[in-house]
Amino acid sequence: MIVSAAMRTDIPAFYSEWFMRRVREGYVLSRNPYDPGTVLRYSLDPAAADVLSFCTKDPRPMLDRLKELRQYAMFWSVTVTPYGRDIEPNVPDWRDMVEGVKALSAQVGARRVHWRYDPVLLTKDVTVAFHRAVFAEMAEALKGHVSACVFSFLDLYEKTRRNFPEGRAPSQQERHALARSFAETARRAGLPLISCCEEPALARYGIDVSGCMTRAVLERALGERLDLAGETGVRQACGCLIGHDIGAYNTCPHGCLYCYANYDREAVRAHMMRHDPDSPLLVGRPLPGDRIVDVAMRPVRTGQLAMDLA
């Protein structure tokens, strides 16, 4: 099974000790955010949870722990964006994150690391010209250390509008101008460019619009065929396989104003106060009335290599 750590929060940056204790104990609990009385129990036995997918803005706290994860196949998505403290209050400078990506890539291999440049947003200071320039600088710095770049444009959810009134999504014309520019830059850097949940018309610029964590993406990253029977996506019209998430919403202290996974800072602060590295849950502990459900798990790796995955 593919276990995601995690789309709902940043486990490598802030909860690496908790995660490694879960690995050592062989299981993890995840409270269903849509049915809080239901708690899912995932085995972390590498014979069943054989692929770990990490999504982070800062992989550095995990770098000294990766040797303990050598029994798993790993896929890493690392977000490196240039917005600064005004928009991403607790995210390290992007130049430091480039060095973190390089260190990660040196351990797990560039093939297993994707660079995410998202969400692409605009403000009075963050302009189309700004994105063109900084994307080119980042692509030059990261080439050879990642196997692809993924981008998407800002989605203005209600909480995003409330928390980030100065931000806006690019217009249709701006989207195409940026996509075309990113594609040209990525091509010069030898980086495949993938869009995440964006319009299929972007394919005209040579962009892969099929999804950022599809079967093809994972098989190329891991270098083998996968048996994905029973693995499903979480969004309509999205082929990405990110459904088994062990994180929790409202637990990421990066504080990004555009974040879709946090309601507000007070909710994050309250949840972090309930975090216990020894608990099988990321937030709090199981309650007497919880219904704990063991998730049926099976390995997805086949060990079958294929020349076209090189």
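## Tyr83 and the aromatic pairs

Tyr83 is buried, with a relative accessible area of 8%; buried here means under 20% relative accessible area, exposed over 50% and partly exposed in between, with a 1.4 Å probe and protein chains only. This is a predicted model, in which local features need pLDDT of at least 70 and side-chain atom pairs count only at pLDDT 80 or more, while totals for chains, interfaces and linings use all residues. Residues are numbered from 1 along each chain as its sequence is written, and side-chain values use heavy atoms, with hydrogens and water left out.

A search of the whole structure turns up 10 aromatic pairs. For these, rings of Phe, Tyr and Trp (its six-membered ring) pair if their centres lie within 6.5 Å; planes under 30 degrees apart count as stacked, over 60 as edge-to-face and the rest as tilted. Tyr83 and Tyr258 have ring centres 6.3 Å apart and planes at 70°, so they form an edge-to-face pair. This pair links distant parts of the chain: Tyr83 sits in the loop between β5 and α3 (94–108), and Tyr258 in the loop between α7 and α8 (265–273), 175 residues apart. Helices (H or I, at least four residues) and strands (E, at least two) are DSSP runs, numbered from the N terminus. Tyr258 also counts as buried, at 8% relative accessibility.

Trp115 and Tyr117 give another edge-to-face case, because their ring centres are 6.0 Å apart and their planes stand at 80°. Trp115 is buried at 1% relative accessibility, and Tyr117 is buried at 0%.

## Charges over rings

Arg41 lies over the face of Tyr27, at 4.2 Å from the ring centre, and Arg162 lies over the face of Tyr263, at 4.4 Å.

## The three-stranded sheet

Tyr27 also takes us to an open sheet of three strands, ordered β2-β3-β9 with mixed pairing; two strands pair if DSSP finds at least two bridges between them. The edges are β2 (27–31) and β9 (291–294), each with a single partner strand, so one side of each has no neighbour in the sheet. From one strand to the next, the twist averages 30°.

β2 and β3 are antiparallel, paired over five bridges, and a hairpin of six residues joins them. Here Tyr27 has Ser43 in β3 as its bridge partner. Leu40 has Val293 as its bridge partner in β9, and Val39 stands opposite Ile292.

## Nonpolar cores

A nonpolar core is a set of buried Ala, Val, Leu, Ile, Met, Phe, Trp, Tyr and Cys residues joined through side-chain atoms within 4.5 Å. The largest has 63 residues, and Phe19, Leu69, Trp76 and Trp115 have the most contacts inside it. Leaving aside neighbours within four places in sequence, Phe19 is in contact (heavy atoms within 4.5 Å) with residues including Ala5, Ile11, Leu52 and Ile246. A second, separate core of 19 residues includes Phe75, Cys212, Leu228 and Val300.

## Helix α7

In α7 (residues 215–222), the buried residues are Val217, Leu218, Glu219, Ala221 and Leu222. Their cover includes β1 (2–5), β4 (51–56), β5 (73–79), β6 (113–120) and β8 (193–195). Gly223 follows α7, with a positive phi near 75°.

Key:
Axes are lines fitted to C-alpha atoms, for helices over the stretch in contact, and angles run from 0 to 180 degrees between N-to-C directions. A charge sits over a ring if NZ of Lys or CZ of Arg is within 6 Å of the ring centre and within 35 degrees of the ring normal.
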